[in-house]
Amino acid sequence: MTSPSQQPPSPPSVSDATSISPRRALLDTTVQLDRRKTEARRRKLESILAEFDWRFSTGISLVEFKATVIQECITIHNQLRRTGARFTRARDALLEKKGRQISLRAHIFNNLLQVFASSFDISEERDCRLAEKARLLLENIIPQLYAWFVKESVDAVLNDRLACDRAKEPPRKKRAAFEVNLPECKRGKNKGCHVEQVIRQEGSQLVSLLAPHLSASEQLQQAVDIFQKVLQNSEMELSHGDCRRAGDCLIALEAKEKATHALSSNAREWEPLSDLLGFQFVPITFPEEKTV
């Protein structure tokens, strides 16, 4: 009979097995957007993501995804559904405007819609038919983008801590146009999230830890300003715009203790956040796209 010291080791329990941490990747909004912009970026990111056991995004990232690529698709749809709309005129007008999302609109026209025509050699009749074709395509693309993010792009969309209501709402089409993509947040009406509660519980520590990094990042400074307003005002209620401005910090808090790695093309924000919250930062770059 063997003594206790001579007993063979017990097989690892489930808790022991999970302590041998699988590689769990948090994908920030930039990664999700890049996966939809071009095929080359998608292929590169898929090869990186294949190295991880689990891939996560968050509800706040989904809100940002709705406010960018889905919102731009809705904007294009609205332009194309006007009476007598011509595809080339709508496209050129939207791409000639100034704004942060012009390059994203170009990606939508070139890689999602895939409707092409030159305004110099197209008849008015065919131009109107192309506008109708593009509009109908977008009516399928818009809900598909949301479904892709939620059901296909990752193993899970984390939204249990913040419970963002705007993230839970898929884009819905009324008779002719899509409903407001991000309706105003009103507590007691359409807002039951925990974002202010989480900030009051954990925001003070994060604000303190981020202090040395604020001079290098306007986005982190904006997030800290919003956190401080919530910490100083017990009745403060954030809008979806506030949550987007504090997005990276809220995304990081949602994934805290769940992700082992954080993937982003925004190194200025995500490198310090990863260091502070215990993620291994994986910078995403596309050097092959740099022009000579």
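Helices (H or I, at least four residues) and strands (E, at least two) are DSSP runs, numbered from the N terminus. This report applies these terms to a predicted model, in which local features need pLDDT of at least 70, side-chain atom pairs count only at pLDDT 80 or more, and totals for chains, interfaces and linings use all residues. Residues are numbered from 1 along each chain as its sequence is written, and side-chain values use heavy atoms, with hydrogens and water left out.

**The chain as a whole**

The chain contains twelve helices and five strands. Its C-alpha atoms fill a box of roughly 90 × 50 × 45 Å, taken along the principal axes. Of the 292 residues in the chain, 47% are buried; here buried means under 20% relative accessible area, exposed means over 50%, and partly exposed lies in between (1.4 Å probe, protein chains only). The accessible surface comes to about 15,800 Å², and carbon and sulfur atoms account for 49% of it. Such areas come from the Shrake-Rupley method with a 1.4 Å probe, and for residues only the protein chains shown count as cover.

A contact means heavy atoms within 4.5 Å. Among the contacts in the chain with a separation of 6 or more, 73% are between residues 24 or more positions apart.

Ile48 belongs to helix H3 (residues 39–49). Ile48 counts as buried because its relative accessibility is 18%. Leaving aside neighbours within four places in sequence, Ile48 is in contact with Leu263 and Ile284. Ile48 and Val282 are 234 residues apart in sequence, yet the distance between their C-alpha atoms is 9.6 Å.

Helix H11 (residues 247–255) is mostly covered, as nine of its nine residues are buried. Among them are Gly247, Cys249, Leu250, Ile251 and Leu253, together with the charged residues Asp248 and Glu254. Glu257, in the loop between H11 and strand E4 (261–264), is exposed, with a relative accessible area of 71%. The phi of Glu257 is near 70 degrees, a positive value in a residue other than glycine.

Gln114 also has a positive phi, of about 55 degrees, although it is not a glycine. Gln114 is found in the loop between helix H6 (102–113) and helix H7 (124–152), and its relative accessible area of 51% makes it exposed. Most residues other than glycine have a negative phi.

**Charges and salt bridges**

The chain has 44 positive and 39 negative side chains, and the centres of the two sets lie 5 Å apart. In this count Lys and Arg are positive and Asp and Glu negative, while His and the chain ends are not counted. The place of a charge is taken as NZ of Lys, CZ of Arg, CG of Asp or CD of Glu.

A salt bridge is a side-chain nitrogen of Lys or Arg within 4 Å of a carboxyl oxygen of Asp or Glu. A search of the whole structure finds 22 salt bridges, and the table gives three of them.

| Salt bridge | Closest N and O atoms |
|---|---|
| Glu39 and Arg43 | 3.7 Å |
| Arg187 and Glu237 | 3.1 Å |
| Asp242 and Arg245 | 2.7 Å |

Arg187 and Glu237 form a salt bridge that links distant parts of the chain, 50 residues apart: Arg187 is in the loop between strand E3 (156–158) and helix H8 (195–210), and Glu237 is in the loop between helix H9 (218–232) and helix H10 (240–245). Arg187 is partly exposed, at 37% relative accessible area, and Glu237 is partly exposed at 38%. Arg187, Lys191, Glu196 and Glu237 are linked in a network of salt bridges.

Glu39 and Arg43 are separated by about one helical turn because they are four residues apart in helix H3. Asp242 and Arg245 are three residues apart in helix H10, so about one helical turn separates them as well. An α-helix has 3.6 residues a turn, so residues three or four places apart point the same way. Asp242 is buried, with a relative accessible area of 15%, whereas Arg245 is partly exposed at 42%.

**A positive patch**

Which residues gather in a patch of positive charge on the surface? They are Arg81, Arg82, Lys97, Lys173 and Lys174. Patches are made of residues with over 30% relative accessible area and no salt bridge; like charges are joined within 9 Å, and nonpolar side chains (Val, Leu, Ile, Met, Phe, Trp, Tyr) within 5 Å. Arg81 is in the loop between helix H4 (59–80) and helix H5 (87–96) and is partly exposed, with a relative accessible area of 39%.
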